[in-house]
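Today I opened my notebook to look up charged side chains that pair up. Here is what I was looking at.

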Amino acid sequence: MDRAHPDSFAARLDAAAQNVAALLAALLGDTPLDGEIARPGHLMSAMRHGVLNGGKRLRPFLVLETARLLHGPEDAALRVAAALECIHCYSLIHDDLPAMDDDDLRRGQPTVHVAFDEATAILAGDALLTLAFDILSAPETDLPDSARLALINQLARASGAGGMVGGQALDLFAERVTPDEAGIVRLQAMKTGALLRYACAAGALAAGADAETLARMTRFGEIVGLAFQLADDLLDVTSDAATLGKAAGKDAGRGKGTLVSLHGVEAARRRLDGLVGEATLLLEPFGGRAGILIEAACFIASRDR
């Protein structure tokens, strides 16, 4: 059986997923950390179910590859990546709840509230949210204090009322009142794009990048976020549950407006091509060293094809 070259996009994506999963497994052990009283077994099992269930780990991958591009410390970047994945997985656990998207399947497995119960799923999400900031603030995340503070502050803003959670709120409201195109773009930039934007910014912060480079990588993350959501909307229209690992056609079934529903499949694909072109231009100053991140943008945009 042929194996991908160790420096290929596929191999690097897989290696990042494995490394992040291994660190998360260690962080989600049953033994209490210094300062903790106890770790209830049922809660820890639910947290592990919501985190250690596969997935491409795309957000952590973007942290790691951005830090690598900018010569950042690998061990610290891995912990930043794990913290971000805790936020992402908490959001999925809560998003799947009956009061939210009411999904029974995630990554081909029962969602946490199905495998356990609703209350445990809520608490598992709460615990993952707080664990993310524990990871970033811990001395094991060996970065200058100013970098750790910036990472904590920006993650709070990317994941809170002005970012992901605010986007979730707009998404729920959109089931009652369909937003216009500007509203759809804003909703998606918050609900999905905010954490992808943070991933690239975080990699730059971990590497101690200058202001210009930080702005460049942050913009790259914004473009990746737009492409991810647009490709996700296409998948919701063109794919099935077996392929997605979750229910398909949910947005149309709930009457949610998307850019695909507004402009059609072909227009959405043309927009994706344009986003990949913009992402490629942004990384031109790095030359061939940016090849993996450019491939990541292409991968994100082509998931429906």
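**Salt bridges, entry by entry**

I began with the total: the structure holds 14 salt bridges, a salt bridge being a side-chain nitrogen of Lys or Arg within 4 Å of a carboxyl oxygen of Asp or Glu. I noted that this is a predicted model, where local features need pLDDT of at least 70, side-chain atom pairs count only at pLDDT 80 or more, and totals for chains, interfaces and linings use all residues. Residues are numbered from 1 along each chain as its sequence is written, and side-chain values use heavy atoms, with hydrogens and water left out.

I looked up Glu-65 next and found its side chain in a salt bridge with Arg-12, at 2.8 Å from N to O. Glu-65 sits in helix 3 (residues 58-69) and Arg-12 in helix 1 (residues 9-27), so this pair ties together parts 53 residues apart in sequence. Helices here are DSSP runs (H or I, at least four residues), numbered from the N terminus. Are these two buried or exposed? Both Glu-65 and Arg-12 are buried, meaning under 20% relative accessible area, with exposed over 50% and partly exposed in between (1.4 Å probe, protein chains only).

Then I turned to Glu-278, which forms a salt bridge with Arg-219, their closest N and O atoms being 2.7 Å apart. Glu-278 lies in helix 14 (residues 265-282) and Arg-219 in helix 10, so the pair links parts 59 residues apart in sequence. I saw that salt bridges with shared partners join Arg-197, Arg-219, Glu-222 and Glu-278 into one network.

How values were computed. Helices (H or I, at least four residues) and strands (E, at least two) are DSSP runs, numbered from the N terminus.
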